[in-house]
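Subject: Structure handover

Hello,

Please find the structure below. My notes on it follow, so that you can check them against the model yourself.

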There are 2 protein chains.
Amino acid sequence: MLNIAIDAAGGDHYPHHPVQGAIQALKERAELHITLIGPEKLIQDELDKQHYTSERLHIIDAPDIVGMDEAPAVAVKTKRNSSIVVGLGLHAQGKLDAFFSAGNTGALLAASMFILGKLPGVLRPTIGSIYPSVEGNKFMLDVGANIEVKPEALVQFGIMGKVFAENILNITSPRLGLMNVGEEPEKGREAVRQAYQLLKTRPDFVGNIEGRDVMQAKADIYICDGFVGNLLLKLGESIPENVLQILYSSPASKKLGEQEMQLFKNVLLEALAPFDYQLVGGVPFLGVNGVSMVGHGGSSPLAIKNSVLNAEKFIRLDVNEQIKNALA
Amino acid sequence: MLNIAIDAAGGDHYPHHPVQGAIQALKERAELHITLIGPEKLIQDELDKQHYTSERLHIIDAPDIVGMDEAPAVAVKTKRNSSIVVGLGLHAQGKLDAFFSAGNTGALLAASMFILGKLPGVLRPTIGSIYPSVEGNKFMLDVGANIEVKPEALVQFGIMGKVFAENILNITSPRLGLMNVGEEPEKGREAVRQAYQLLKTRPDFVGNIEGRDVMQAKADIYICDGFVGNLLLKLGESIPENVLQILYSSPASKKLGEQEMQLFKNVLLEALAPFDYQLVGGVPFLGVNGVSMVGHGGSSPLAIKNSVLNAEKFIRLDVNEQIKNALA
């Protein structure tokens, strides 16, 4: 029986979203145990509000709260009784099988590195994100954990991303692409040019990917450093809302009646739903010696439930063992 | 009388688009002279096809062709009789007032640097682009000329972009924003963190801008290096076409009849037209000692005409003198 922990004191909507996500996961997966970690009374009050009890639901008290904008290293060092430090500590001891948080990403990464350590052979653990395209979801990494990266680490991001995409996103034979400002190997930053040279003999490498090609699905795995990836990810996430706003303020919209506009808005938002991070489950830190998953601060209960299911899949398919083999 | 040169051997559609753009500009601006530079016979044949003659239209023969993907430094060195080298040479001698090309951007930048030189005080000339937002067009720079940049050069990009935006884009009191992965000053790459420290005392600086804020118009001038800017620009340009494709392939689109779909497509494309580079005129290399403008390879005749009008405005308002003063 797997026991997956959820940070009940992380994200913009705790404790209610984590608690509701836990309940949804328990209802959907009859063999799963969930452990909510955070201030005990806060969690129990929320469970009472939801009138929910289950033998498969556990609570571990962790009274310290890590703020969303708190400096990661300081938070991990000083808040020993926070959900993040307590949860990852129990995971490291084998008492929990995975830990999910929608909280402070930096703190979660720092604590994961410090408490779980890296998988053998990994230069830098990384975090990726689903990126929508005209041919379904693709995977981009790094999206913010590693701001400046050596070429060898970029290559590893691609390999780890591939294992994740094959196992968790069900993408067959994922193609690796390197985010760059042109197709030619000599384009771009020094680290990117060197990464190209390291990648070019791989049969799964399809070359440099430009900004215009991301949504065109020219690759399945988009490799970049966390500075570039974070900017591209957040720009992508903003597309549905901004396209609608630009549409509303355009003189062209006068050609639509009120009802047509409402219909169009609904269709557009539904079509662009993959851009909405709240619907997408969390993703793991790839390369750490454990299963530490992070979700967006705004994660809905559905997103948290999906994160738990992703964690379960990650464990059952032993993705970390596959990563070790792929990097060896 | 101003005499503005157009590269008749540059871009994806020469000579017809440059020639047609020249004709449009001459018809719209009665006081302007235009000089087409490229293989003379090619230009004359196209003019004959258009049945167009004007005393204000001139041709200068430049038989060498610089390919769109040719290595810039080599092209500039070996193709002395190319439109770019000939045109910028005549501009440097004061025989032409500006030079526009939709050709090889790298070659144009290299030739501009080599032949025109930099304005006093400029660390790195830069190229920017219009970026659409919910509140009209904003300006992003650098978008590809400078892949790795020192903090002091990033600050200058902001100052030069501001002068350009005030004079050519008619943005009053432009606000400077620094592209970054978070709002906090300590976020991001080293050069970006240092640029923040240099910018923070300026009253026109509004802080770091995240990917999700670009289209939200949180600033008027988006400062970044050319690696990041090129990726963000090309991703932005791809939005209209990709949003449509995602819409078409979504089950949600089944809620629309064929006629409704056609209407929505037209309205959407019209609203998102600012993302279409073919409608937008060229932009100058800011910081060179002259007026050297570059357009997209796919520039339409309209885009080329608009580029000529931008060049005229740039000269009449003496934007270079203003840049010198702003940097002093």
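Contact here means heavy atoms within 4.5 Å. The model is predicted. By that cut-off, chain A brings 53 residues to the contact with chain B, and chain B brings 53 residues as well.

The interface

The size of an interface is often given as the accessible area lost when the parts come together. For chain A and chain B the buried area is about 4,900 Å², and 70% of that comes from carbon and sulfur atoms. On the chain B side, three residues give more than any other three: Arg189(B), Phe227(B) and Leu235(B) supply 14% of the area that chain B buries against chain A.

What kinds of polar and charged pairing cross the interface? The rule finds seven salt bridges between chain B and chain A. A salt bridge joins the side chains of Arg189(B) and Asp225(A), with 2.7 Å from N to O.

Four helices of chain B each supply at least two residues of the side that touches chain A: H7 (190-199), H8 (226-237), H9 (239-249) and H10 (258-271). Of the elements on that side, H8(B) gives the most, with eight residues. Sorted by class, the side of chain B that touches chain A holds 27 nonpolar, 14 polar and twelve charged residues.

A pair of strands in chain A

Strand E2 (residues 33-38) and strand E3 (residues 57-61) of chain A pair in the parallel sense, over five bridges. To get from E2(A) to E3(A), the chain passes through helix H2 (residues 40-49) of chain A, and this β-α-β crossover is right-handed. One place to look at the pairing is Thr35(A), whose bridge partner in E3(A) is His58(A).

Backbone points to check

The loop between H2 and E3 of chain A contains His51(A). His51(A) is not a glycine, yet it has a positive phi of about 50°.

Which peptide bonds are cis? In chain A, the bond from Leu141(A) to Asp142(A) is cis, with omega near 10°. Asp142(A) sits in the loop between strand E6 (136-141) and helix H6 (151-167) of chain A. In chain B, the bond from Leu141(B) to Asp142(B) is cis, with omega near 5°. Asp142(B) lies in the loop that runs between strand E6 (138-141) and helix H6 (151-167) of chain B.

Regards

Terms used
Residues are numbered from 1 along each chain as its sequence is written. Chains are lettered from A and ligands numbered from 1 in the order in which they are written. This is a predicted model: local features need pLDDT of at least 70, side-chain atom pairs count only at pLDDT 80 or more; totals for chains, interfaces and linings use all residues. Side-chain values use heavy atoms; hydrogens and water are left out. Two strands pair if DSSP finds at least two bridges between them. A crossover is right-handed if, with the strands pointing away from the viewer, the path from the first strand over the helix to the second runs clockwise. Buried area is the accessible area (1.4 Å probe) that two parts lose on being put together, summed over both. A salt bridge is a side-chain nitrogen of Lys or Arg within 4 Å of a carboxyl oxygen of Asp or Glu. Ala, Val, Leu, Ile, Met, Phe, Trp, Tyr, Cys and Pro count as nonpolar, Asp, Glu, Lys and Arg as charged, and the others, Gly among them, as polar.
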